[in-house]
Amino acid sequence: MSEFLSDMGDKKEQLKKMIKMLHDGADVDEMKALFKKEFGNVMPHQISMLEEELIKEGMPAEEVHRLCQLHIDLFRESIDAGKVDVPLGHPLYILYTEHSKILEFAQQLVESATTLIDKPDSATFGRVQQLIGFFKESPVHYLREENVLFPVLEKYGVTQPPKIMWMEHDNIRAIEKSMYETADALAKGITKELSHTLQTQAIQLSETLADHFYKENNILFPTSYKFFNDDDWKLVKQEFDGIGYMSYSPVKHKDETEVAATRLADDTIEFETGNLTLQQLSCMLDTMPVDFTFIDKDDVVRYFNNAPDRIFVRSKAVIGRTVQNCHPDKSIHVVNRLLDEMKSGKRNKAEFWITLNGRLIYITYYAVRKNGEYIGCLEVTQDITDIQKISGQKRLLD
């Protein structure tokens, strides 16, 4: 990673000193003037690497995250020149374009919510509902970044910017959730109070998205472009296609029949209780109506099945990634506690259940052992909504 800062020479230590001064409370405008006087342009990937080095040297990651905006203010003139030019169909082109469309919808939502205050008619609210619908499509945008782009960045040692962006994704989701609840209440009856609430939420969302997308467009994406090779981008595009897009994404939607099937090797695997070809084993696991994910003894994700109607998104980019980096910071302590208890032998199983989109989802973690030795953890996720409704008995082929 340090090789990407080698071209900065002595400036690297000077810039790190300036960032530390910002953290100690130095005036931002004074730091900007000093930066403009002493330095030329600083590339977006260098900003990311500087923050990585500061954390390695002992600066708390939470402090770097908290004052990230100050760094952006300091380097803004350099950052503004960071956006990269990519061809049509490139993963970054897709993300850039989606950002533009989402921001456009956000501004239109502010305008429609404002109009609704003084013009509470069905036509105005109909436009609000249409725009809300566009935002309800957008979760796949963030899932593609979290499950594909972030893991590849981490492979190159860029860990902090993805963590910050993931936290901001969660903040965006929380704002959108509140906004959807307000829209649902308005559908039952339009009032000025609810219309004002929606307007406030729409403004908050628009401003949050503008700030967040600025960071991604001018720091995260250029950093990715600097580090990723052609094979990385090929994988990213393949995985993007697998997760899916919004109706307004700049991609051609292919029929499943156009997607070439991957042929598996026909090798035979010997088990204690029989044998299966690799193809048979893979197809069998993919046919199971449950999601499997296996994490090895070093907490590295090694496998997941392609279950029909998969409940939680998985991308091939997570293979080789530590499970801790597959979760937001707020839940890492729970993940570590569970794994520590399994490794120590204190726990063999953990189970919980949640309601997701009106369905009851049952999630179980199993400690996988061989002769008592811990070799990994198996996550099993299943939709048990219909199973709970079973009563009496039904015989085969009844």
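## Confidence in the model

pLDDT is the predictor's confidence in each residue, on a scale from 0 to 100. Welcome to a predicted model, in which local features need pLDDT of at least 70 and side-chain atom pairs count only at pLDDT 80 or more, while totals for chains, interfaces and linings use all residues. Residues are numbered from 1 along each chain as its sequence is written, and side-chain values use heavy atoms, with hydrogens and water left out.

The protein has a mean pLDDT of 83, and 77% of its residues reach 70 or more. Helices (H or I, at least four residues) and strands (E, at least two) are DSSP runs, numbered from the N terminus.

Two stretches call for care. Over residues 1-8 pLDDT stays under 50, and the model has 20 contacts (heavy atoms within 4.5 Å) for them beyond four places in sequence. Residues 254-266 also stay under 50, with six contacts beyond four places in sequence. Where pLDDT is low, the predicted coordinates should not be read in detail.

## Helices α6 and α8

Now to the helices. Axes are lines fitted to C-alpha atoms, for helices over the stretch in contact, and angles run from 0 to 180 degrees between N-to-C directions. Helix α6 packs against helix α8 (residues 139-155) at an angle of about 150 degrees, with the two axes 11 Å apart. That makes the pair roughly antiparallel (angles over 145 degrees; under 35 is roughly parallel, 65 to 115 roughly perpendicular and the rest oblique).

On the α6 side, I94, L95, E98, H99 and I102 make the contact, and on the α8 side H141, R144, E145 and L149 do. By class, this contact has four nonpolar, two polar and three charged residues. Here Ala, Val, Leu, Ile, Met, Phe, Trp, Tyr, Cys and Pro count as nonpolar, Asp, Glu, Lys and Arg as charged, and the others, Gly among them, as polar.

## Helices α8 and α10

Helix α8 also meets helix α10 (residues 192-227): their axes come within 12 Å and cross at roughly 30 degrees. This crossing is left-handed. From α8 come H141, Y142, E145, L149, F150 and L153, facing L209, F213, E216, L220, F221, T223 and S224 of α10. These residues divide into eight nonpolar, three polar and two charged.

## Helices α7 and α9

Helix α7 (residues 122-137) and helix α9 (residues 160-188) cross at roughly 150 degrees, and their axes come within 11 Å. The two are therefore roughly antiparallel to each other, and their crossing is left-handed. In α7, F125, Q129, I132, F135 and K136 meet E176, M179, Y180, A183, L186 and A187 in α9. Eight nonpolar, one polar and two charged residues make up this contact.

Next come the strands, where two strands pair if DSSP finds at least two bridges between them. Five of them form an open sheet with antiparallel pairing, in the order β4-β3-β7-β6-β5. At the edges lie β4 (301-304) and β5 (349-356), each of which pairs on one side only. Neighbouring strands of this sheet are turned by 20 degrees against each other on average, direction ignored.

Strand β3 (residues 291-296) pairs with β7 (residues 373-383) in the antiparallel sense over six bridges, and F292 stands opposite V380 in β7. With β4, strand β3 has an antiparallel pairing over three bridges, where I295 stands opposite V301. The hairpin of β3 and β4 has four residues between the strands, and D299 takes a positive phi near 70 degrees in it.

## The hairpin of β1 and β2

Strand β1 (residues 268-271) and strand β2 (residues 274-277) run antiparallel and are joined by four bridges. They form a hairpin with two residues between them. To find the pairing on screen, look for I269, which stands opposite L276 in β2.

Definitions and conventions:
A crossing is left-handed if the near helix is turned anticlockwise from the far one by less than a right angle, and right-handed if clockwise.
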